[in-house]
Amino acid sequence: MPMATSPHTHLLHNPTNINNHRNNNNPFPIFTPKRISFKPTSIKCATQVQTQSPPLTQGQDRVFNFAAGPATLPEKVLLRAQSELYIWRGSGMSVMEMSHRGKEFLSIIQKAEADLRTLLQIPSEYSVLFLQGGATSQFAAVPLNLCTPNDAVDYVVTGSWSDKAFKEAQKYCKPKVIWSGKPEKYTNIPSFDDLEQNPDSGYLHICANETIHGVEFKDYPTPKNKNGILVADMSSNFCSKPVDVSKFGVIYAGAQKNVGPSGVTIVIIRKDLIGNAQAVTPVMFDYKIHHENSSLYNTPPCYGIYMCGLVFEDLLEQGGLKEVEKNNKKKAEILYNVIDGSNGFYRCPVERSVRSLMNVPFTLEKSELESEFIKEAAKEKMVQLKGHRSVGGMRASIYNAMPLAGVEKLVAFMKDFQARHA
């Protein structure tokens, strides 16, 4: 009769398949001694568990997910994470169980930072921080760290997110909207020469890509104040193309669009800007605290950072951000061409020169067909195409991880839908 030396004995037979630890009545793994006994019924149960379905393989039952965020992740990355979920690279534990100060996790976060620095060619005089709270937390953190309560700063409002950033900054400094796209329903971006900047402004804030409205900066303005800095919310186009980081004082981004799951916020900040936080700044919003502690002041979103690291590896393997941008341009071109070539059946409201490569909003000439479009697309395993509640219509978010095949399937469906309903 075999001996059960620990409650984990059965797990050792197949340590990488978490499905092998489930029974028919409980969806969660049961790691108690009661499951390991010398009774025949226990042996029978163990035999039953071994007959359960194998792990998911690439492409099996996957939909094309056009969600704006949390967004689709590369299948290669998901499968890699699946294979390492139970035991990470011989460590005897999952990434989710590691001490954030242990050597194993230190190797993960340090490599993630190194790969991100390589991808964006981040200069050494910039600090990279892995934080929590989403990009929305940075709406407050930026003015708290860069301003006094009486400092003037400039905001360009090209959509909902830059508008929210401006409103939050009103609590901590003296922001001014120097241009707003609201009268045109956020369908354009201003000429930089037309921006009436305050020459004493501490910083100029932009949202590089508006997720909801689908407008994207193709170039970046320069602050008029020689000592002023450019600050950018890059949440929805972060790592979608090369960026000259040296043009910016601060770049911040939520990870859940292009580089990982929700829960991680990345801040890239010039080091000389660190250490001037207002006295009222909460400790978790103080860049100096996180910089001095290498993003480990408290327990960071460890598993999310690990996932970001896998995505960074994947982007490097693709050839870096120049190649990524080529792929993104190709996907966007295919989709916009179908919209523009539909004789008005589909319409994109955004001015062509500033259309986003990431978020493509469009409407139907016959708005009563929109719900049918979304319903039929879902039957074809294309999901999350409904536009934001504040805009309506449809929106296809085609981030880095959306394969070309997904966009090709969408445009084929759009052509067929038009042929049946025009």
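**Starting from one residue**

Student: Which residues is Ala253 in contact with, leaving aside its neighbours within four places in sequence?
Tutor: Ala253 touches Met234, Ser235, Phe238, Val264, Thr265 and Ile266, once neighbours within four places in sequence are left aside. Contact here means heavy atoms within 4.5 Å.

Student: What kind of model is this, and how are the residues counted?
Tutor: It is a predicted model, with residues numbered from 1 along each chain as its sequence is written. Local features need pLDDT of at least 70 and side-chain atom pairs count only at pLDDT 80 or more, while totals for chains, interfaces and linings use all residues; side-chain values use heavy atoms, with hydrogens and water left out.

Student: Back to Ala253. Is it buried or exposed?
Tutor: Ala253 is buried, with a relative accessible area of 1%. Buried means under 20% relative accessible area, exposed means over 50%, and partly exposed is in between (1.4 Å probe, protein chains only).

Student: Which strand holds Ala253?
Tutor: Ala253 is in strand β9. Strands (E, at least two residues) and helices (H or I, at least four) are DSSP runs, numbered from the N terminus. The C-alpha atom of Ala253 is separated by 6.6 Å from that of Val267, 14 residues apart along the chain.

Student: What sheet does β9 belong to?
Tutor: β9 is part of an open sheet of 7 strands, in the order β2-β10-β9-β8-β5-β3-β4, with mixed pairing. Two strands pair if DSSP finds at least two bridges between them.

Student: Which strands stand at the edges?
Tutor: β2 (126-131) and β4 (174-180) do; each has a single partner strand, so one side of each has no neighbour in the sheet. From one strand to the next, the twist averages 15°.

Student: How do β5 and β8 run where they pair?
Tutor: β5 (residues 203-207) and β8 (residues 229-233) run parallel and are joined by 5 bridges. As an example, His205 has Val231 in β8 as its bridge partner.

Student: What lies across that sheet, then?
Tutor: Helix α4 (residues 134-146) lies across β2, β5, β8, β9 and β10, at about 160° to β9. Helix α5 (residues 160-169) lies across β3, β4, β5, β8 and β9, at about 160° to β3. Axes are lines fitted to C-alpha atoms, for helices over the stretch in contact, and angles run from 0 to 180 degrees between N-to-C directions.

Student: How do α4 and α5 cross?
Tutor: The axes of α4 and α5 come within 9 Å and cross at roughly 45°. The two helices are therefore oblique to each other; angles under 35 degrees count as roughly parallel, over 145 as roughly antiparallel, 65 to 115 as roughly perpendicular and the rest as oblique.

Student: Which residues meet there?
Tutor: From α4, Thr136, Phe139, Ala140 and Pro143 meet Trp161, Lys164, Ala165, Glu168 and Ala169 of α5.

Student: New topic: what about β12?
Tutor: 5 of the 6 residues of β12 (residues 359-364) are buried, so the strand is largely enclosed by the rest of the structure. β12 runs antiparallel to β11 (residues 346-347), with 2 bridges between them, and Tyr346 has Leu364 as its bridge partner in β12. With β14 (residues 394-397), β12 is also antiparallel, joined by 4 bridges.

Student: Last one: what is the average pLDDT of the chain?
Tutor: The protein chain averages 89, and 86% of the residues score at least 70. pLDDT is the predictor's confidence in each residue, from 0 to 100. Over residues 1-54 the pLDDT is below 50. Where pLDDT is low, the predicted coordinates should not be read in detail.
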